[in-house]
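Please look over the structure below with this briefing beside it.

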Amino acid sequence: MIISRAENNFFLNWFRSLDKTLLFIILTWLLLGIFFSFVSTLKYPSEKLYNDPNFLFEKYLKFVFFGFFVLIVTSFYSDGLLKKILPYALILSILLLILVLFKGLEVKGSKRWLDLFFFRFQPVELLKPIMVLFLAYYFEDEKNMKLKFFLSSFLVFFIISLLLMQPDYSQSLFVLFLWGVTIFISGISLLFIIFITVSVLTFMGSVLFLFQDKFQYIFLRIDKWLGTTEISYQSEKALDAIIYGGFFGRGIGEGILKERIPEAHTDYVLAAISEEFGIITLFIIIFLVSFFCIKTFAIAQNANSNFKKITLSGLSSLLLLQVLINFGVTINLLPTTGMTFPFLSYGGSSIVTSSFILGIILGATRRNL
């Protein structure tokens with residue numbers, strides 16, 4: 001296949017325009033995920049569940065390769081094209097969320113997944129970045145901001161009502177947080193935001209107590225987290241794994257956390273990594289991700305449009321909060337929520353949507369040559 005000079009120049013200009021620091025961190029992040037999945041986190045559950053030590057890793061690789069393709073495609077970022085697609089993408093995301101209520105797989109009393117034959121897909125993972133992008137587009141023009149805020153609240157509370165029916169209380173709070181970030185960045189007064197925050201928290205608290213039977217699992221998790229009697233089994237074993245690993249770990253394949261709890265390769269992946277590679281590795285991972293998000297925030301402040309400013313701030317907040325929640329659950333600072341760590345945790349929905357988010361960030365931070 002012959003590549004013309006024009007095509008060659010196009011890809012060369014695309015590469016030159018990328019922020020190399022962000023690109024380096026993304027590639028490092030991906031490679032770390034592949035490395036830890038291969039040597040540490042996926043072999044035991046794969047062998048136990050499928051009698052094949054490479055089954056889950058091979059699936060993980062497929063998700064990563066597809067995710068990398070998504071990342072590259074979305075990094076050819078175009079404001080005009082993205083704004084045309086956004087309304088349809090939002091409608092599709094909401095329709096998938098509605099479909100979950102009727103055709104979703106029920107796991108532990110909740111319907112959050114769609115079975116797409118080749119993998120299980122969690123629609124809320126796609127909805128979150130799409131919602132941030134749509135709100136960035138919606139709040140781009142600073143005229144009639146308070147009216148736009150009230151209109152956007154109907155959309156957000158409709159999404160939350162669908163999530164609460166699954167039920168998925170933690171993702172509902174996550175959506176509210178993302179909405180709060182976008183309206184804060186858009187320029188609405190701080191006093192107005194404080195009033196709305198108090199109102200929203202009052203509403204969410206009322207929902208929790210009015211429908212206690214539906215959200216009984218929340219109360220149980222909080223009770224175990226507060227340690228009125230003892231911390232949860234998963235949290236106890238995760239903390240033990242981090243302690244046993246020490247600063248430099250017990251060595252590749254020497255960890256036993258993955259043999260003790262079924263969530264070791266998803267929700268508690270950081271504890272499994274720390275046990276074998278040490279807490280210093282944990283700090284390096286958190287530092288890389290935090291630096292990526294902080295640099296994205298810094299670039300957002302100098303963005304040449306409100307759309308890019310809100311997009312970069314909203315998407316980096318999404319990534320950072322997800323990472324911090326997963327880390328908080330791992331060290332028992334937060335109650336268990338089922339939040340994955342992008343690229344390190346096993347999960348097709350998380351890998352593909354995280355790739356989409358990073359691709360948009362990479363594209364939106366490109367320099368004009």
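Phe343 is placed in the loop between α15 and α16, where helices are DSSP runs of H or I with at least four residues, numbered from the N terminus. The model is predicted, so local features need pLDDT of at least 70 and side-chain atom pairs count only at pLDDT 80 or more, while totals for chains, interfaces and linings use all residues. Residues are numbered from 1 along each chain as its sequence is written, and side-chain values use heavy atoms, with hydrogens and water left out.

**Positive phi in loops**
- Most residues other than glycine have a negative phi.
- Phe343, which is not a glycine, has a positive phi near 75°, and its relative accessible area of 0% makes Phe343 buried (under 20%; exposed means over 50%, with a 1.4 Å probe and protein chains only).
- Asn51, in the loop between α3 (43-50) and α4 (55-75), has a positive phi of about 55°, and Asn51 counts as exposed at 70% relative accessibility.

**The pair α14 and α15**
- The axes of α14 (residues 279-301) and α15 (residues 306-330), which are lines fitted to C-alpha atoms over the stretch in contact, come within 8 Å and cross at roughly 160°.
- α14 and α15 are therefore roughly antiparallel to each other, a term for angles over 145 degrees.

**Thr353 in α16**
- Thr353 lies in helix α16 (residues 348-364) and counts as buried at 5% relative accessibility.
- A polar atom of the Thr353 side chain lies 2.6 Å from the backbone oxygen of Ser349.
- Beyond its neighbours within four places in sequence, Thr353 is in contact (heavy atoms within 4.5 Å) with Glu125 and Leu126.

Key: Axes fitted to C-alpha atoms, helices over the stretch in contact; angles between N-to-C directions. Helix = DSSP H or I, 4+ residues; strand = E, 2+ residues; numbered from the N terminus. Parallel < 35°, antiparallel > 145°, perpendicular 65-115°, else oblique. Polar contact = N/O pair within 3.5 Å; in protein donor to acceptor, adjacent residues only side chain to side chain.
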